[in-house]
Amino acid sequence: MERKIRVLVAKPGLDGHDRGAKVIARALRDAGMEVIYTGLQQTPQMIVEAALQEDVDVIGLSILSGAHMTLLPKVMQLLREQGMTDVLVVAGGIISDEDAEILKREHGIAEVFGPGSSTQAIIDFIRSHVELTRG
Amino acid sequence: MNEHELVTRLRNGERRALARAISLVEQGGPVARALMAAVYPYGDAHRVGITGPPGAGKSTLVTALAQEWRKRGVPIGIVAVDPSSPFSGGAVLGDRIRMQALGGDPGVFIRSMASRGRMGGLARATADAVTLIAAAGFPVILIETVGAGQDEVDIAQTADTTIVVEVPGMGDDVQSIKAGMLEIADVFVVNKADRPGTDQTVRQLRTMLQLGAPSPDGWSPPVLTAIATTGEGCAQIVDAIEQHRQHLIAANIKTQRALTAAERELTAAVQELILERLRGERWNELVQQIATRQRDPYAAASELLPADLTIRSGLA
């Protein structure tokens with residue numbers, strides 16, 4: 001049987017704006033993926049532990065609080081500590097181009113999708129990268 | 001990582017190995033079967049099913065019950081099933097939202113599962129996932145079904161103790177649980193008991209239970225109340241589950257149920273294996289011919305299943 005793509009969608013930090021995360025969750029569901037939605041106010045530890053238990057292929061992090069340069073590197077560090085370097089991590093929200101560049105280059109975030117990104121672009125990105133890591 | 005290494009790591013309580021093993025049994029096939037064969041001897045645990053209509057508070061109750069068990073020092077596994085989309089095959093699994101209070105506790109393992117087209121309230125691989133979690137050292141496993149109406153009673157066959165969650169204010173709708181749900185409950189919980197109508201719902205359930213003949217296994221299901229958001233009533237529910245567990249052992253029902261479950265598991269495994277072996281070129285041809293009514297499905301099945309199949313099963 002074909003393996004389903006499993007995606008954890010989480011909101012790290014303290015902002016309460018989860019419409020974007022819900023839109024993404026819904027779009028990925030309609031693209032045939034299994035989305036584990038964990039809700040608001042997740043610590044990096046909670047996110048990585050949930051990703052581990054759920055054995056996800058992808059983590060999608062939505063963050064609008066401005067704390068992305070603190071929280072996202074922390075998530076990446078915990079993933080490395082758990083040996084979960086094969087998990088694709090993408091981020092979305094209000095993240096400046098400069099910050100996005102640093103997150104990708106220095107911390108291993110695969111892609112940052114800012115406001116106005118099409119859900120189809122996100123779906124295509126996830127599909128092509130998961131196929132790559134699965135080989 | 002081969003199956004044996006995975007099983008060794010899983011048995012040592014490595015959570016990542018357990019998580020990966022569950023994904024493998026969800027996919028099914030030969031690897032899943034080898035894995036299940038290796039863990040099967042260690043897969044015993046007390047399986048507690050939680051079912052009830054959507055929005056009754058199942059996830060919140062599961063969380064509160066898990067917290068109660070954790071207070072008592074018992075490690076807890078949780079499998080939460082949510083529906084897959086019949087159109088895209090995708091799913092949004094949201095049970096973890098209510099379970100955040102359990103985050104960070106190494107004595108808790110939570111896994112969300114999509115039903116993947118299976119009706120009945122559980123996924124095909126739910127029972128196998130529960131066996132894997134048991135083998136990883138969790139003595140109590142809570143299984144949360146999809147929001148269920150009347151007929152999603154698969155849980156009663158998978159669980160040792162089945163909890164049916166109801167909420168007050170559904171009035172005469174209690175009737176709606178009469179045929180399916182009422183029969184499978186070992187413990188009733190009226191959740192959201194701070195709402196008006198709780199007493200009435202409890203009374204209706206008790207009356208309905210008294211109307212029927214006493215259960216043949218000698219257990220009369222208690223009707224308990226809870227406010228899952230505060231944890232109120234959960235100690236009594238855990239006590240009732242423990243009493244039911246003792247009852248199953250004392251009345252020798254556990255053995256009887258194990259036989260029934262074993263029969264069902266064997267049937268499912270045989271079906272899966274036969275189908276896997278038969279699917280192929282000829283299978284596809286026959287499907288075409290049946291679709292155009294050149295063949296009938298019964299004759300096609302006879303052709304696919306060789307007559308000597310009966311010899312090995314000892315029926316010839």
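Two strands are taken to pair if DSSP finds at least two bridges between them, and helices (H or I, at least four residues) and strands (E, at least two) are DSSP runs numbered from the N terminus. The views show a predicted model, in which local features need pLDDT of at least 70, side-chain atom pairs count only at pLDDT 80 or more, and totals for chains, interfaces and linings use all residues. Residues are numbered from 1 along each chain as its sequence is written, while chains are lettered from A and ligands numbered from 1 in the order in which they are written.

**View 1. Strand β5 of chain B pairs with β1(B) and with β2(B).** Strand β1 (residues 46–51) runs parallel to β5(B) and is joined to it by five bridges, with Arg47(B) having Ile141(B) as its bridge partner. Strand β2 (residues 76–82) of chain B also pairs with β5(B) in the parallel sense, over five bridges, and here Val79(B) stands opposite Ile143(B).

**View 2. Both faces of β5(B) are covered.** Five of the five residues of this strand (residues 140–144) are buried, that is, 20 or more other C-beta atoms, placed from the backbone, lie within 10 Å of their own. In a regular strand the side chains alternate between the two faces of the sheet. Val140(B), Leu142(B) and Glu144(B) lie on one side, and Ile141(B) and Ile143(B) on the other.

**View 3. Helices α2 (residues 15–27) and α5 (residues 126–135) of chain B pack with their axes 9 Å apart, at an angle of about 160°.** Axes are lines fitted to C-alpha atoms over the stretch in contact, and angles run from 0 to 180 degrees between N-to-C directions. The two helices are therefore roughly antiparallel to each other, a term for angles over 145 degrees.

Terms used. Angles under 35 degrees count as roughly parallel, over 145 as roughly antiparallel, 65 to 115 as roughly perpendicular and the rest as oblique. A residue is buried if 20 or more other C-beta atoms lie within 10 Å of its own, exposed if 12 or fewer, and partly exposed in between; C-beta atoms are placed from the backbone.
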